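Good morning, and thank you for coming.

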Amino acid sequence: MTPAVLGSILQAIGNTPLVRLRLEGVPEAVELWAKCEWFNPGGSVKDRTALSLVTEGERTGDLRPGKTIIDSSSGNTAIGLALVGRAKGYPVELVMPDSANAERRALCAAYGARLVFTEAFAGSDGALLRVREMVARDPQRYFYADQYRNPANPLAHYRTTGPEVWEQTGGRLTHFVAGLGTGGTVNGSSRFLREKNPRVRVVAVEPAEELHGLEGLKHMASSILPETYDPRAHDEKVSVGTDQGYAACAELLEATGLLVGHSAGAAVWAARECARSLQGGVIVALLPDSGERYLEAGRGK
Ligand SMILES: Cc1ncc(COP(=O)(O)O)c(C=O)c1O
C-alpha cells in the first residue's frame, strides 16, 4: 500500500482502517471487524463530523472569513472543530461542562480554541443551552456548527463512513454497530448502507444507565433529544452498562492489542452479543476513539 500524499491535513480525515477482531464467544462463521476511528488526525470519528459541519457551512455561505465557529461539546467534536478551524484559519469557541477532562481541554487549547465552561452538574445539555444563548446574543459573530441539529453531521457519515465500511467489506457487511451520541454516525451510515442493501441490520448502542461512564454516548430517554437522532435509522438498540463497556475495553486490549475508548468498548460488547445470536455474518463495530483519551480517568481522577 502506498502511503498517502496529501495537500492538507484535512484530507487525512476518513479512510480509517478496518481490523479483524477475534474474540471469545464469536462463532466461527461470524466475522467481527473494528472500524478504527482514532486514525483520524484529531483522534476520533468526530473529525468527519467537524469537517462536514464546516465545509457545508462554507458551501451555504453561513460560514465566511471573519466569523467564529462555535459549538458545545465536551470532547471529540470540540477537538475536531478546533483542528478544522485552525487548519482553515477560523477562530473557534467551545462550550463544555466543567467536568470535561483535562487532556481534552488541553488539546482544544493547544489548537488555539477559546473555551467556555458550564456547571458540571448540568452536563452536556447545560453546555448546549449556554451555546444557544451566546449565539442568540451575537448571531453575526458566530457560525453555530450545531452538531445536535445540523444535517451536515449525519451527512458526513452518509458520504464517508457508510461507503467506507461497505467497500472495506466488499459489500458483504450484514450488521453495523455504533453508539448513539448525537445519533449522527448511526443515522448517516444507516441511510447509506440501507440504500446499498436494505437487509443490512443497524444496531445502535446506548448507555444502560442515566448516569454513566461511557463518554460520548447519550442516554436518550433522559436527554434533550438531538434532531440528528432518528430512531428509524436503527433496527435494534442495545443497552450497555458502564461496567460492561469498561470490561470489553480491557478484554479487547488483552486479546488484540487495541487500546480503545469506553464507547468503543460498549460497541464491541454489543457487537459480540449480536455475533452470539448469529449463524453467520459480517459485523462492523465502529470504535470512535482510542483509550489514550481516557488514561486520566483510568488513574481515578
Ligand atoms: C467517544 C464517542 N463515542 C461515540 C460518540 C457518538 O457519535 P454520534 O454523535 O455520531 O452519535 C461520540 C460523539 O461525540 C464520541 O465522542
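Let us begin with Val260, which, leaving aside its neighbours within four places in sequence, is in contact with Trp38, Cys249, Leu252, Gly265, Leu287, Asp289, Ser290 and Gly291; contact means heavy atoms within 4.5 Å. Please note that this is a predicted model, in which local features need pLDDT of at least 70 and side-chain atom pairs count only at pLDDT 80 or more, while totals for chains, interfaces and linings use all residues. Residues are numbered from 1 along each chain as its sequence is written, and side-chain values use heavy atoms, with hydrogens and water left out.

Where does Val260 belong? In the largest nonpolar core, of 33 residues, Val260 is among those with the most contacts, together with Leu21, Val177, Leu252, Ile283 and Leu287. A nonpolar core is a set of buried Ala, Val, Leu, Ile, Met, Phe, Trp, Tyr and Cys residues joined through side-chain atoms within 4.5 Å, buried being under 20% relative accessible area with a 1.4 Å probe, protein chains only. Elements that each supply at least two residues of this core include strand E10 (281-287) and helix H8 (262-276); helices (H or I, at least four residues) and strands (E, at least two) are DSSP runs, numbered from the N terminus. H8 gives the most, with nine residues.

A second, separate core of 24 residues includes Leu53, Ile79, Leu81 and Val92.

Finally, I turn to a helix contact. Leu53 and Val54 are among the residues of H1 that meet H2, where Leu81 and Val84 are among the partners.

Note on methods: Buried < 20%, exposed > 50% of the residue type's maximum accessible area, 1.4 Å probe, protein only.
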